[in-house]
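I opened this model to look up its sheets, the helices packed on them and the ligand site. My entries follow in the order in which I checked things.

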Amino acid sequence: MSHTLEITDLKVHFPGRHGAPVRAVDGVSLHVAAGETLGLVGESGCGKTTVANATVGLQAPTAGSVRVQGTELAGASRSVLRDVRARAQMVFQNPVTSLNPRMTIGAAVGEPLLVRGRAAGRALRDQVAALLEEVGLRAEHAGRYPHQFSGGQRQRIVIARALALRPALLVCDEPVSALDVSVRAQILNLLVDLQARHAMSTLFVSHDLAVVRHVCDRVAVMYLGRIAEIAPRDAIFAAPRHPYTRALLAAVPEPDPAVQRAKPRLPLAGEIPSPANPPAGCRFHTRCPIVVDQCRHEVPPLRRVGDSDVACHLA
Ligand code: SF4
């Protein structure tokens, strides 16, 4: 049986300012199994949002394959893309720009059902009421406008809208980054509950490993357009094998000061290089604390080490 999402050797290149293409995504392969949540993490500019956009048909691949429940998106017709967009829904970072300020939240949540002819009239109102309650809002608030809600409530409305067509795949791009710290856990718990209740597959994009740890079964770490490491959650947090994963984890603050003091310090030197001019060999070699000569000219393939797939010559 095919996975809910299967990405194979995906490349997304954009025209660069000085002639050289910007290799935002440069050979990424990953999958999300039925009912699974995969975290996709990395610093800003690593290509994770471009992968997310390609997954819901918002970004055409330059090369490679993106399949949702077996349907190929690369080179797909508009009608195929439209069909896939019903099965793969995206929740964006900012609930303010995701909602039309002039549309009631009931109309916003019901719009996908209405546009696709799935429900109208009384049945539509009933489904909207059920969706609002499912995300922890009150059905009688359907006639209100987005500005009458808090940031956390607005993200609940966006999630209700994404759930309306009962997608097989939910793609969440930094869904709590724009929210107050105090409401982040509530939204993450809601996503975990919904994912379990509907056995949805989820691709969860975040720069924040602490957030990913809370919600994901497996974690893929991206660096400069490529996968550095993919592993089950517990393996990646207990025994990170790629130096970049270790550096990201070292930067996550521990709530217990004793644990924090005992943590190894692995400062990440320098800035992430430009994807228009990525380093040869291992793309992490300009910042890697254990770089050896081989790293500067040989690309490390992704290979199995323990429970992890790691792209490092020294793993
Ligand atoms: Fe560091 Fe070399 Fe491994 Fe790249 S391949 S992460 S430069 S040790």
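How many bridges join strand β9 to strand β10, and do they run parallel or antiparallel? I found six bridges between β9 (residues 218-223) and β10 (residues 226-232), and the two strands run antiparallel. Y223 has R226 in β10 as its bridge partner.

Notes on the source. This is a predicted model, in which local features need pLDDT of at least 70 and side-chain atom pairs count only at pLDDT 80 or more, while totals for chains, interfaces and linings use all residues. Residues are numbered from 1 along each chain as its sequence is written, and side-chain values use heavy atoms, with hydrogens and water left out.

Terms for the strands. Helices (H or I, at least four residues) and strands (E, at least two) are DSSP runs, numbered from the N terminus. Two strands count as paired if DSSP finds at least two bridges between them.

Entry 1, the eight-stranded sheet. I read the strand order as β6-β7-β8-β3-β9-β10-β12-β11, an open sheet with mixed pairing. β6 (88-91) and β11 (303-305) stand at the edges with a single partner strand each, so one side of each has no neighbour in the sheet. From one strand to the next the twist averages 20°; axes are lines fitted to C-alpha atoms, for helices over the stretch in contact, and angles run from 0 to 180 degrees between N-to-C directions.

I then looked at two helices. Helix α7 (residues 181-198) lies across β3 (37-41), β7 (169-173) and β8 (201-206), and runs at about 160° to β8. Helix α10 (residues 243-250) packs on the sheet and touches β9 and β10, with its direction at about 105° to that of β9. Contact here means heavy atoms within 4.5 Å.

Entry 2, the four-stranded sheet. I read the order β2-β1-β4-β5 for this open sheet, with antiparallel pairing. Its edge strands are β2 (22-32) and β5, each of which pairs on one side only. Helix α1 (residues 48-55) packs on this sheet, touching β1, β2 and β4, and its direction makes about 120° with that of β1.

Five bridges join β1 (residues 5-14) to β4 (residues 63-68). In β4, I found R67 as the bridge partner of E6 and S65 as that of T8. β4 pairs with β5 (residues 71-72) over two bridges, and V68 has T71 as its partner in β5. The hairpin of β4 and β5 has two residues between the strands, and Q69 takes a positive phi near 50° there.

I placed Q59 in the loop between α1 and β4. Apart from neighbours within four places in sequence, Q59 contacts V12, F14, T50, N53 and A54.

Which residues are around the ligand? I listed H242, P243, C282, F284, H285, C288, I290, C295, P300, C312, H313 and L314, where a residue counts if one of its heavy atoms lies within 4 Å. By class the shell has nine nonpolar, three polar and no charged residues; Ala, Val, Leu, Ile, Met, Phe, Trp, Tyr, Cys and Pro count as nonpolar, Asp, Glu, Lys and Arg as charged, and the others, Gly among them, as polar.
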